[in-house]
Amino acid sequence: MRSCLLSGAHCYLFCLWALLVPPVCLQHASHHRRKDHGGGGDDGGEGSGRDKPKPKLLLLSFDGFRWDYLNRVPTLNFDALKQEGVKVEVVENTYITKTFPDHYSLVTGLHAESHGIVANEMFDPVLNRSFSMETDSIYDPRWWEEGVPLWVTNQRAGGRSGAAMWPGSDVKIHGVYPTHYLPYNASVPFEARVEKLIQWFAAPDEEAVDFGVLYWEEPDESGHNLGPESSLMDVVIADIDEKLGFLRNELKKAGLYERLNLIVTSDHGMTQLFPEKIIELDQYVSRELYTWVDKSPVVALLPKEGRLEEVYSSLLDANPHLNVYKKEDIPEYFHYRHNDRIMPILLEAEEGWTIVQNRSGTFMLGNHGYNNTLPSMHPVFLARGPAFRQDYVKHSMHSVDLYPLMCHILALRPLPNNGSLANVQDLLSVGPSLAPFARPTSASTSNPPSGVTSSYSYAPAVGSLLGVLMVLGFLVVFVKRVTLKQLPALPMQSREMSQPLLQEDLHL
Ligand SMILES: [Zn+2]
């Protein structure tokens with residue numbers, strides 16, 4: 001390899017071609033990364049995206065807003081959203097249908113077994129720590145870092161995010177807080193959360209957020225206390241509609257309503273409980289044999305050492321309204337098996353039934369957490385804005401499909417996820433053909449547990465790399481030719497270099 005493989009005119013032609021390739025590829029890649037295609041009519045085609053306003057997206061969750069609450073009372077603001085945008089009738093959320101797992105699925109596109117927030121109450125045998133949504137344990141980032149929430153990805157790509165009380169949004173995940181966020185405080189009114197978010201969205205361009213998440217505790221709390229079938233829930237649902245009206249008005253006043261994409265959804269639904277439908281574990285197995293980790297209706301049990309079979313066989317046929325699974329037997333379609341935080345035994349109550357140790361505790365009239373194929377567990381879903389079609393009703397989607405959809409709107413590369421943009425592309429006013437990188441693929445990625453797909457395209461990066469390598473190759477050959485002509489041959493030198501730092505880094 002001492003002589004140039006090309007010579008004379010060929011060498012200069014090669015040089016010219018090689019120098020041209022990388023800039024073309026790099027331009028292609030950066031165009032993919034931040035192309036403004038989320039704004040529908042905003043997209044002016046090649047080369048014009050740089051001066052366009054960035055797409056804006058606000059994701060709002062009304063905790064526990066079951067999809068059919070809209071049929072209970074007049075909900076004029078939800079109706080307006082549907083007319084101005086899209087509605088999805090059936091949204092299958094992720095198992096287990098509880099607040100923390102489902103909210104994290106919405107912003108990661110991952111099933112619970114993949115993002116690691118497998119319940120509201122968890123035990124991690126590797127960390128030897130417990131997590132509870134009721135304690136400060138939620139601020140330990142290690143619980144959250146099996147997934148990457150969209151606000152982190154948005155900021156890594158140069159965007160700015162605002163978060164009002166969304167679960168996990170006041171935790172420093174992967175070293176990053178949202179650009180602006182409100183520390184969780186249930187006593188902060190909905191209106192104050194909205195005003196903060198609008199302030200962040202309406203800031204001058206270089207300071208404005210382009211992605212926001214907003215969380216409100218109702219109608220979940222009332223659903224638990226009153227039961228979803230109570231007529232008193234009608235008042236609560238009407239109040240939520242008014243809150244949505246407040247948000248719409250404030251967005252209009254700030255001049256954001258036509259520019260911003262608004263998604264209104266929830267984590268899960270709610271089902272009615274019955275005082276006579278109680279499963280008391282103390283009747284079947286001694287509580288000395290296990291640790292109770294997560295609560296009804298999907299109860300996680302950690303048997304004491306060596307007592308797994310005893311606990312399992314005691315409960316297996318104990319009650320006809322109780323499903324009992326060893327971890328390895330949890331049905332694959334739940335996507336709820338492949339994580340250390342999923343306990344060796346999982347108990348699942350039939351809809352409407354409650355699992356307790358005994359009847360001494362307080363009793364709720366409504367609950368969620370049940371099988372995610374049950375209609376009562378499904379959330380509401382509506383969206384409007386420049387990225388969305390108008391007056392369009394779609395039959396069904398999975399909640400994990402929302403993540404690639406949001407990435408598409410924000411022109412971000414999605415991380416590996418369980419969703420599919422193809423499943424929801426018909427919601428968009430402009431098809432996803434403008435976002436080559438956002439095509440769903442079945443390519444496996446570095447660490448994709450069970451069915452996680454990647455939506456990356458590496459073509460621009462590979463093209464750029466090839467171009468750079470060609471230029472470097474040419475330069476090496478060129479320099480060698482010049483130096484070999486001008487300098488006398490140097491004696492070969494050989495030196496050994498110790499690398500203690502490398503060894504330390506590897507903890508050898
Ligand atoms: Zn709840």
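Modeller: Helices (H or I, at least four residues) and strands (E, at least two) are DSSP runs, numbered from the N terminus. This is a predicted model: local features need pLDDT of at least 70, side-chain atom pairs count only at pLDDT 80 or more, and totals for chains, interfaces and linings use all residues. Residues are numbered from 1 along each chain as its sequence is written.

After H8 comes Gly255, with a positive phi near 70 degrees.

Burial is assigned by counting: a residue is buried if 20 or more other C-beta atoms lie within 10 Å of its own, exposed if 12 or fewer, and partly exposed in between, with C-beta atoms placed from the backbone. By this count the buried residues of H8 are Met233, Val236, Ile237, Ile240, Asp241, Lys243, Leu244, Leu247 and Leu251. They cover an arc of only 155 degrees around the axis, which puts them on the same side of H8; the arc is that of the directions from the helix axis to the C-beta atoms. On the face turned away from this buried side, H8 carries the exposed residues Lys252 and Lys253.

What does the buried side of H8 pack against? Its partners are strands E1 (56-62), E7 (211-216) and E8 (260-265), and helices H2 (76-84), H6 (190-201) and H7 (220-226). Contact here is defined by C-beta atoms, placed from the backbone, that lie within 7 Å.

In E1, 7 of the 7 residues are buried, so the strand is largely enclosed by the rest of the structure. Both of its faces are covered: Lys56, Leu58, Leu60 and Phe62 are buried on one side, and Leu57, Leu59 and Ser61 on the other. Strands pair if DSSP finds at least two bridges between them. E1 runs parallel to E8, joined by 6 bridges, and Leu57 has Asn261 of E8 as its bridge partner. E1 also runs parallel to E7, again with 6 bridges; there Phe62 is the bridge partner of Trp216.

The largest core holds 111 residues, and Val264, Leu301, Leu347 and Met406 touch the most other members. This core draws at least three residues from each of domain 2 (57-110 + 147-270 + 372-427) and domain 3 (278-367); the bounds come from an automatic or database domain assignment. Leaving aside neighbours within four places in sequence, Leu347 is in contact with Val299, Leu301, Leu315, Leu322, Val324 and Ile355.

Two backbone details elsewhere deserve a check in the coordinates. The Tyr95 to Ile96 peptide bond is cis, with omega near 5 degrees, and Ile96 lies in the loop between strand E2 (86-92) and helix H3 (99-108). Met165 has a positive phi, near 75 degrees, in a residue other than glycine; it is buried, with 23 other C-beta atoms within 10 Å.

Conventions: Contact = placed C-beta atoms within 7 Å. Core = buried A, V, L, I, M, F, W, Y, C linked by C-beta atoms within 7 Å.
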